[in-house]
Amino acid sequence: MKGLLKETAYERLAASDQTKLTDGEKKAMKLYEDNANMSAVFTLGQKTSAGAMVIAQTVTDEYVHGKVNEAFATLDKEHQPRDVTSEVELEQALEKISFGKANDYHTRFVEVMASYQFKLSEKDKLKIMVKKCTSPTYAVEIRKQMIDPDGTFAKACSEIAEIQRL
């Protein structure tokens, strides 16, 4: 990561008089601290140990927290394919999600979408959702979002979740 301080440089700056640091030095210290925090969040926020393993590959004596940007680049390369086959795989994965509670459906849908570089339009998301929905009441809510120029998948899930709470 361009501008990321090595641990020794960070410790030297941290031990110095903070009032005499240049804006560039303060910015470099902030970047080091942000990298350390993101490394922790990234590692602890994973459902599997994959994040910890990728971060561990970027750890050195000088970069004790690893380099989060390199970890993201590695995961992006491995887990966000961009070819036509991947687009088909994405649609198949989304079709496999069962519709029960709207909030749970939304969460699972977003998790699957995050694994791919492809972005579906809101209308395409709603089309997938309507195929899963067996309730006429829910179908009406989805249809409203499909007709509305500002309609979204998230709004449809939210509206259906409100109905489910009644």
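Modeller: A residue counts as buried under 20% relative accessible area, as exposed over 50% and as partly exposed in between, with a 1.4 Å probe and protein chains only. Phe153, at a relative accessible area of 3%, is therefore buried. The model is predicted, and in it local features need pLDDT of at least 70, side-chain atom pairs count only at pLDDT 80 or more, and totals for chains, interfaces and linings use all residues.

Colleague: Is Thr134 buried or exposed, and where is Thr134 found?

Modeller: Thr134 has 77% relative accessibility and so counts as exposed; Thr134 sits in the loop between helix H7 (122-132) and H8, helices being DSSP runs (H or I, at least four residues) numbered from the N terminus. Between the C-alpha atoms of Thr134 and Arg108, which are 26 residues apart along the chain, the separation is 18 Å.

Colleague: How should I read the packing of two helices, and at what angle do H6 and H9 pack?

Modeller: Axes are lines fitted to C-alpha atoms over the stretch in contact, and angles run from 0 to 180 degrees between N-to-C directions. Helix H6 (residues 102-113) packs with helix H9 (residues 153-165) at about 155°, the axes lying 8 Å apart, and the two are therefore roughly antiparallel (over 145 degrees; under 35 is roughly parallel, 65 to 115 roughly perpendicular and the rest oblique). In the contact (heavy atoms within 4.5 Å), H6 contributes Ala102, Asn103, Tyr105, His106 and Phe109, and H9 contributes residues including Phe153, Cys157 and Ile160.

Colleague: How are aromatic pairs read, and how many does the structure hold?

Modeller: The distance of the centres and the angle of the planes describe such a pair. Rings of Phe, Tyr and Trp (its six-membered ring) pair if their centres lie within 6.5 Å, with planes under 30 degrees apart stacked, over 60 edge-to-face and the rest tilted. The structure holds 6 aromatic pairs. In one of them, Phe99 and Tyr138 have ring centres 6.1 Å apart and planes at 55°, so the pair is tilted. Since Phe99 lies in the loop between helix H5 (84-95) and H6 while Tyr138 lies in helix H8, the pair ties together parts 39 residues apart in sequence. Phe99 counts as buried at 17% relative accessibility, and Tyr138 counts as buried at 18%. For Phe109 and Phe153 the ring centres are 4.3 Å apart and the planes at 35°, so that pair is also tilted, and it ties H6 to H9 across 44 residues in sequence. Phe109 is buried at 1% relative accessibility.

Colleague: Which residues do the ring pairs link into a cluster?

Modeller: The cluster consists of Phe99, Tyr105, Phe109, Tyr138 and Phe153, linked by ring pairs.

Key
Residues are numbered from 1 along each chain as its sequence is written. Side-chain values use heavy atoms; hydrogens and water are left out.
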